[in-house]
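Subject: Structure handover

Hello,

Here is the structure I said I would pass on. My notes follow below it; please read them with the model open.

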Amino acid sequence: MCHITQRSSTFSFPKICSIFWRFHHTSTSHWCSCSKTVSDEKHQDPFQLGRKDLKNLYEDIKKELLVSAAELKEMCDYYFDGKGKAFRPMIVVLMARACNIHHNNSKEVQASQRSVAIIAEMIHTASLVHDDVIDDANSRRGKRTLNQIWGERKAVLAGDFILSAASVALARIGNTTIISVLTQVIEDLVRGEFLQLGSKENENERFAHYLEKTFKKTASLIANSCKAVSILGCPDPRVHEIAYQYGKNVGIAFQLIDDVLDFTSCADHLGKPTAADLKLGLATGPVLFACRQFPEMNAMIMRRFSKPGDVERARKYVLQSDGVQQTTYLAQRYCHAATREIRKLRPSPEREALVHLTEMVLMRDK
């Protein structure tokens, strides 16, 4: 699957789709479980290594969100409560350190690089607020969504405010290249949302459509944030591409596993309702793989699971098929591609932590 990692901005969709079908027909004896994706090398704990640079992360975000309006402040504080895993900022600071060490053996994260980590978390949270409004979601991270508590209009405004504060922080970095790289994320998020609203009749186009949507809505933020800190820490364009490709592949794998968990994890553990994507009319990886074994799902996909009983039947078909296993296997392939990329950098604890992170993505259960 190395051809997936050759370009920054586009996928070779016909090739991806041909691989998709090859994966589908791969014997189950060739599948490997997530728990077996373990390297022989001693791994560094990503969260332990990144802790120093992420200290006071949420306090610093709140400083960016200083407002006089009490209600708006309360809404912002509601999501930035310090209880999140800070997955994206952690990748960003680890990538910053790995690139700095590769370039000149500097072990410190620059202030501008840490700012990118803060901005990434702000953009991500703003997108969640807006997604919850679009999806009319009731819960997020195990608690009620902003739109359920304060209403849709105020939730949209809160998301807009967080995004505007992120833009101000981005401008403060004062680097036009970094501004260009990170504003691409915002464009991709909007385009990804529009892609999610559409669907394709042709099965090959449908899977390509799904992967493109996954990149724009999830992976672009990680890929471009990693690229941004690499630019700030190292002048070599090859390193920028390594950072981008690592983030892209990890981001796609992260979403593929998220789509698997929508079928395999209980709602209490996941922090949001299961089968949520089906209820929204979305055909994710497990559904698209299952469709090859149960062609009757095609009609349900095209009507976006809108008829009574569609959601329940589709979920049943997915669990009876190899859709979950095949999607997991595809996520493994993306993680392996990410590992190949990051190993091109000079050895460092941060590099090994980023390798270990790919395994954590595959093994997560929420």
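H17 is largely enclosed by the rest of the structure, because 16 of its 20 residues are buried. Buried means under 20% relative accessible area; exposed is over 50%, and partly exposed lies in between (1.4 Å probe, protein chains only). H17 spans residues 323-342. From first C-alpha to last, H17 reaches 29 Å, close to the 28 Å expected at 1.5 Å a residue. The expected span is 1.5 Å times one less than the number of residues in the helix. Helices (H or I, at least four residues) and strands (E, at least two) are DSSP runs, numbered from the N terminus.

How to read the model: it is predicted, so local features need pLDDT of at least 70 and side-chain atom pairs count only at pLDDT 80 or more, while totals for chains, interfaces and linings use all residues. Residues are numbered from 1 along each chain as its sequence is written, and side-chain values use heavy atoms, with hydrogens and water left out.

Confidence next. pLDDT is the predictor's confidence in each residue, from 0 to 100. The chain averages 86, and 86% of the residues score at least 70. Confidence is highest in H17, at a mean of 98, and lowest in helix H1 (residues 13-25), at 42. Over residues 1-41, pLDDT stays under 50. The model still has 84 contacts there beyond four places in sequence (contact: heavy atoms within 4.5 Å). Where pLDDT is low, the predicted coordinates should not be read in detail.

The chain as a whole: there are 18 helices and two strands. Of its 366 residues, 57% count as buried. Among contacts with a separation of 6 or more, 75% join residues 24 or more positions apart. The accessible surface is about 16,000 Å², and carbon and sulfur atoms hold 52% of it. Those areas come from the Shrake-Rupley method with a 1.4 Å probe; for residues, only the protein chains shown count as cover.

Now H18 (residues 349-363). Its 15 residues reach 21 Å, close to the 21 Å expected. Twelve of the 15 are buried, including Glu-350, Arg-351, His-356 and Leu-357. What covers the buried residues of H18? The cover includes helix H2 (46-54), helix H5 (87-104), helix H11 (237-264) and H17.

Met-90 lies in H5. Met-90 counts as buried because its relative accessibility is 0%. Beyond four places in sequence, Met-90 touches Pro-46, Phe-47, Leu-54 and Leu-357. Met-90 and Leu-49 are 41 residues apart in sequence, yet their C-alpha atoms are 8.8 Å apart.

Lys-107 sits in the loop between H5 and H6. Lys-107 is partly exposed, with a relative accessible area of 49%. Leaving aside neighbours within four places, Lys-107 contacts Arg-97 and Ile-101. The C-alpha atoms of Lys-107 and Arg-97 are separated by 6.0 Å, at ten residues along the chain.

In H6 (residues 111-135) you will find Ser-127. Ser-127 counts as buried, at 14% relative accessibility. A polar atom of the Ser-127 side chain lies 2.6 Å from the backbone oxygen of His-124.

Last, H10 (residues 203-233). Its 31 residues reach 42 Å, close to the 45 Å expected. H10 bends by about 60° at Ala-219. That bend is the angle between axes fitted to the seven residues ending there and the seven starting there. H10 is largely enclosed by the rest of the structure, because 26 of its 31 residues are buried.

Best wishes

Conventions:
Polar contact = N/O pair within 3.5 Å; in protein donor to acceptor, adjacent residues only side chain to side chain.
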